[in-house]
Amino acid sequence: MKQYILFFIVIAGVIFSLNKISHSVFPNEYQIHFFHITEGDAILIKTPSGKNILIDTGKNQITLNKIQKYNSMFQNTIDILFITHGDSDHIGGTASIANKMNIKSIVYSGANKPSRTFKNMEMQTKETPKNILFSNATWRIDQNILLETIAPLSNISYHDEHTNNDSLVFRLTFFNKKSILFTGDIEAETEKAILISGQDISADMLKVAHHGSKSSSIKTFIQNVSPKLAIIQAGKNNKFKHPHKETLKIFESFNIPTKITATSGDILFCISKKHPDFHICPQ
Ligand SMILES: [Zn+2]
């Protein structure tokens, strides 16, 4: 009897592992996961060659659980971690990820925050090389992904309580065709400054700034991005009541559809050389 139980446990383990592996791989597809987490932003880009690119780490260890859900048990590396800014809902999950995975490099705007969470993140990642990026940089982070930085508009390296407007803003273009603009938590002040700088901010998809808060997404900024889809990362029943209905109205007024993680759950897109447009991942 004991052997039978052991046999079933082994078989169940193998099925579970195979399921995890098959779940994580769509051959030749880049996967873009906008995680539904309780609070904050966390976006995982998986490349066909098995690289993990993470943009922010959410508030807590839920982000690690999500990353593991979409990776095989053999994949425990984050190749590039982009930290848009130092608020706890964007960096709070870093320590738990660094505990279980190897974070190879961190890219951020240079803005530090005098908070316990920020210090904890610095401590947990003290061995990880860190790079500061600001506007007008271009970087081919993968054969088929081009990064262009939009903000901060100048080099910053200081401690401040209020880092929303210092968020790293960048556009990723896949296959030289389709792009996503990531805006961290920038507010109207930085949106206006970006517009004045005259940079091209058009994108096919927009990660809406600051979880759809009323303090962001001014009309002229949205008009200039002119995305075909806007993604809002906001937790279910979050205490800030994100996204704000006035912000949703702005997207409606431009006929831009929105997808909100609070109602959609994890939002996943694929893009590939064969199908170079954001699409539902093949099963
Ligand atoms: Zn935030």
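1. Strands here are DSSP runs of E with at least two residues, helices are runs of H or I with at least four, and both are numbered from the N terminus. Strands count as paired if DSSP finds at least two bridges between them.

2. Please keep in mind that this is a predicted model: local features need a pLDDT of at least 70 and side-chain atom pairs count only at pLDDT 80 or more, while totals for chains, interfaces and linings use all residues. Residues are numbered from 1 along each chain as its sequence is written.

3. On confidence, pLDDT (the predictor's own per-residue confidence, from 0 to 100) averages 91 over the protein chain, and 89% of the residues score at least 70. Residues 14–24 fall below 50, and this stretch has 8 contacts in the model beyond near neighbours in sequence. A contact means that the C-beta atoms of two residues, placed from the backbone, lie within 7 Å.

4. Overall, the protein chain holds 9 helices and 16 strands. Of its 283 residues, 43% are buried. A residue is buried with 20 or more other C-beta atoms within 10 Å of its own, exposed with 12 or fewer and partly exposed in between, with C-beta atoms placed from the backbone. Among contacts between residues at least 6 apart in sequence, 66% join residues at least 24 apart.

5. Back to β2 (residues 43–46), which is covered on both faces: Ile-43 and Ile-45 are buried on one side, Leu-44 and Lys-46 on the other. In a regular strand, side chains alternate between the two faces of the sheet. Strand β1 (residues 29–34) pairs with β2 in the antiparallel sense over 4 bridges. Ile-43 is the bridge partner of Phe-34, and in β3 Ile-43 is partnered by Ile-55. Leu-44 is the bridge partner of His-33.

6. These strands belong to an open sheet of 7 strands with mixed pairing, in the order β8-β7-β5-β3-β2-β1-β16. The edges are β8 (130–132) and β16 (267–272); each has a single partner strand, so one side of each lacks a neighbour in the sheet. From one strand to the next the twist averages 15°, taken between N-to-C directions (0 to 180 degrees) of lines fitted to C-alpha atoms.

7. Which residues touch the most other members of the largest nonpolar core? Ile-43, Leu-81 and Val-169 do, in a core of 61 residues. Such a core is a set of buried Ala, Val, Leu, Ile, Met, Phe, Trp, Tyr and Cys residues joined through C-beta atoms within 7 Å. Leaving out residues up to four places away in sequence, Val-169 touches Ile-150, Ala-151, Phe-182, Thr-183, Gly-184, Ile-186 and Ile-194.

8. Helix α2 (residues 62–69) buries Ile-62, Thr-63, Leu-64 and Ile-67. Their cover includes β2 and α4 (94–100).

9. In helix α8 (residues 245–253), Thr-247, Ile-250 and Phe-251 are buried. Viewed down the axis, the buried residues of α8 span an arc of 95°, so they line one face of the helix; the arc uses directions from the axis to the C-beta atoms. They pack against α7 (219–225), β14 (229–232) and β15 (258–260). The face of α8 turned away from the buried side carries the exposed Lys-245, Glu-246, Lys-249, Glu-252 and Ser-253. After α8 comes Asn-255, with a positive phi near 55°.
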